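Hi everyone, thanks for coming. Let me put the structure up on the screen, and then we'll walk through a few places together.

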Number of protein chains: 2
Amino acid sequence: MITALLLIDVQRAFDDPVWGPRNNPGAEANIARLLEAFRHAGKPVIHVKHDSAEPLSTLRPEAPGNAIKPEAAPLPGEPLFSKSVNSAFIGTGLEAYLRERGIEGLVIAGITTNHCVSTSTRMSGNLGFQTTLVSDACATFDFHDDEGTIPAETMQRIGLAELRGEFASIKSTDEVLAGLK
Amino acid sequence: MITALLLIDVQRAFDDPVWGPRNNPGAEANIARLLEAFRHAGKPVIHVKHDSAEPLSTLRPEAPGNAIKPEAAPLPGEPLFSKSVNSAFIGTGLEAYLRERGIEGLVIAGITTNHCVSTSTRMSGNLGFQTTLVSDACATFDFHDDEGTIPAETMQRIGLAELRGEFASIKSTDEVLAGLK
């Protein structure tokens, strides 16, 4: 089975303080390790970034925050899909790209766990791709609701618990790297 | 704008003790109130149920648990879509049905908040439908991960916080009913 690494929204905009407290500062280092290992193994790497249509978003295409972080920068020839909603599968042609190349497995990492990563992971699993989400190569932020603030660590834990077994296998970077060898 | 009520997986199987502790025992009563109000207002009502392909699932088509609960039972002529994954939009023809009828808004309720309801709400918002999720007309169960048990109340709170503002407006049944008048 052909398995690709799918990196979602590893973009500079998420360093903006407007996002508030974040969990897992090591996510980018783990993403860099995954990227190096997939490239070294000759396995496909697919990049997705968010081109926001919101006029004030730091993720709009002309904003500096739209740039992909150095740890996840695509190499020439690696495919890059731009999206304007949370799911990497909506409005992008990603599903057709995967089917045409016989890619049946996806290892997913990126930002944020609860929004774009969760939504893309849910669709990946529901579309029939054998899906792995890399828990320590994702990150999220504090959320807020009528009851108050929900810490990023809690958002991450529940965000992963929702996906586990139902949409994806949840693995650490070390577990994924061990499986590549 | 035409807005439809979309009821997801309000099926008897969720009464099986295998699911463990549940939050919001009033969900079905609120679903019944929504259904009565949409029918009374002459607005479209759309039913979705889960036909599991898992041999041991209580949601498989031939199992008694596959039946829709009386509070949400479709009337003759109301559309019923069957799905075999979490998203009501995958493998069902639901999106084409909505587009053909000019339905641009969806009010969503059902079971479970974190799996099929969240996934369908995410796709609804990402596909461009003006989406409302009815917080007290959804329910979920205790989840488990490596750290232990996560109570259904916590799963519900975080499940709604993830969707709020990004994919959907979160409203109570009372708020939705007031908006129909």
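First, a word on elements: helices (H or I, at least four residues) and strands (E, at least two) are DSSP runs, numbered from the N terminus. What you see is a predicted model, where local features need pLDDT of at least 70 and side-chain atom pairs count only at pLDDT 80 or more, while totals for chains, interfaces and linings use all residues. Residues are numbered from 1 along each chain as its sequence is written, and chains are lettered from A and ligands numbered from 1 in the order in which they are written.

Let's begin with helix 1 of chain B, residues 27–40. Its 14 residues reach 20 Å from the first C-alpha to the last, close to the 20 Å expected at 1.5 Å a residue; that expected span is 1.5 Å times one less than the number of residues.

Which residues of this helix are buried? I call a residue buried if 20 or more other C-beta atoms lie within 10 Å of its own, exposed if 12 or fewer, and partly exposed in between, with C-beta atoms placed from the backbone. The buried ones are B:Ala27, B:Glu28, B:Asn30, B:Ile31, B:Leu34, B:Leu35 and B:Phe38. Looking down the axis of helix 1 of chain B, its buried residues fall within an arc of 155 degrees, so they line one face. That arc is taken from the directions from the helix axis to the C-beta atoms. As background, an α-helix has 3.6 residues a turn, so residues three or four places apart point the same way.

On the face turned away from the buried side of helix 1 of chain B, you'll find the exposed residues B:Glu36 and B:His40. Just after this helix, B:Gly42 takes a positive phi of about 70 degrees.

Now, where do non-glycine residues come in? B:Asp9 has a positive phi of about 55 degrees although it is not a glycine. B:Asp9 sits in the loop between strand 1 and helix 1 of chain B, and is buried, with 24 other C-beta atoms within 10 Å. Over in chain A, A:Asn24 has a positive phi near 45 degrees. A:Asn24 lies in the loop between strand 1 (2–8) and helix 1 (27–40) of chain A, and is partly exposed, with 19 other C-beta atoms within 10 Å.

One last stop: cis peptide bonds. In chain A, one joins A:Ile111 and A:Thr112, with omega about -10 degrees.
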